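This report concerns charged side-chain pairs and the strands around them. Please keep the structure in view while reading.

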Amino acid sequence: MRGSALRDRGWWIWLLLVCLGIASGACAAELEGIVLENLSGRPIARAQVTLEAIQAGAVTVSGSTLTDSAGRFAFPSLPGGAYLISARRRGYLVARYGQRRWNGAGSPVVLDAAAHFYAEIRLRRLGVITGQILDENRLGMAGHAVYAYQAGTDGLRMAAGAISDDRGVYRIIGLEPGRYYVRTGPRQLEDGRGLLPTFFGRTTALAEARPVDVNLDQEAGGIDIEPLVGRLTRVTGRVAGAPPVTVTLYSDTGQHEVQAAADGSFQFDELAPGPYHLVALAASSPMRGAWRRLQLSERPAEVFLDLAPLPVLRVRCEHP
């Protein structure tokens, strides 16, 4: 009898260890699922699936894995709790399990001990803008830069760019949903003429440009641009101050950055006429800088920047 009682007691101790995850993971929770492409419903191999645990109001990464050739993933032997699941792969928008909007938060999955949960996650392809860069005879121009800008509260923000192929065809990929403006870059032609940065809508002015709406799982096609011919200009100058000095030229569609030479000289080429801001910053202590507003015409501009100490902001907090 005593031996039998000891055996029974040992069995219960072993079972307790199993359920605590010490002797085995049999009583642990398990989360598995599949990642599919949204439009075709085909499984996505090698998608990265991340599991995050929610504990005491904090979110920490609990595990990460790649889907197999059938799009399947699994996280075995999990302790009970609340989890967030997300999946990503190049060319697709990050998907969070349970989200209701493309940029919304995911819904937590609550697992009890020994629970089994199956999740299906669908990845949506990021948007694409495609078209052709054409010359005056409507022939494709190879090697021409083109950019997609997204409008924001502080002006345009460059989202992505591309270079046209031998047919003049370009594809700007990896775009989130929204409204964009497409513009070519400047270019000096072999005959000496210049091509101005031109928006879709055949204009150099943002106010007259035609916007392009981008959606997930779709391509916005036929966005052809024939760049306008005009005279490009340049800015040359010199910075008075100790090197190294970074000089940045800002416009409404982006920025160009160069390092001034040892003698402080710098140059920006192939610029379209228009308003710009020129900023120079020296990597010295204390920091020194200079700023200049420019209105470029077709004639080259030459500027001189004299570095001065930057203002220092000091904040003091006092208890009333």
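In this predicted model, Arg 124 has a relative accessible area of 35% and is therefore partly exposed. Its side chain meets that of Asp 217 in a salt bridge, with an N to O distance of 3.1 Å. The two residues belong to distant parts of the chain, 93 residues apart: Arg 124 is in the loop between β8 (116–123) and β9, and Asp 217 is in the loop between β16 (212–214) and β17. Asp 217 counts as buried, because its relative accessibility is 16%, under the 20% cut-off.

The whole structure contains 13 salt bridges. Three of them are listed here.

| Salt bridge | N to O distance |
|---|---|
| Asp 217 – Arg 124 | 3.1 Å |
| Arg 138 – Glu 226 | 3.7 Å |
| Arg 171 – Glu 219 | 2.7 Å |

Arg 138 lies in the loop between β9 and β10 (145–152) and Glu 226 in the loop between β17 and β18 (229–230), so this pair ties together parts 88 residues apart in sequence. Arg 138 is exposed at 53% relative accessibility, whereas Glu 226 is buried at 17%.

Arg 171 is partly exposed at 42%, and Glu 219 is partly exposed at 48%.

Strand β9 (residues 127–132) pairs with both of these strands. Five bridges join β9 to β12 (residues 169–175) in an antiparallel arrangement, with Thr 130 opposite Arg 171. Two bridges join β9 to β17 (residues 219–220) in parallel, and Ile 129 has Ala 220 as its bridge partner. Five of the six residues of β9 are buried, so this strand is largely enclosed by the rest of the structure.

Notes: Residues numbered from 1 in each chain as written. Predicted model: local features only at pLDDT ≥ 70, side-chain atom pairs only at ≥ 80, totals over all residues. Heavy atoms only, no water. Buried < 20%, exposed > 50% of the residue type's maximum accessible area, 1.4 Å probe, protein only. Helix = DSSP H or I, 4+ residues; strand = E, 2+ residues; numbered from the N terminus. Pairing = 2+ DSSP bridges. Salt bridge = Lys/Arg side-chain N within 4 Å of Asp/Glu carboxyl O.
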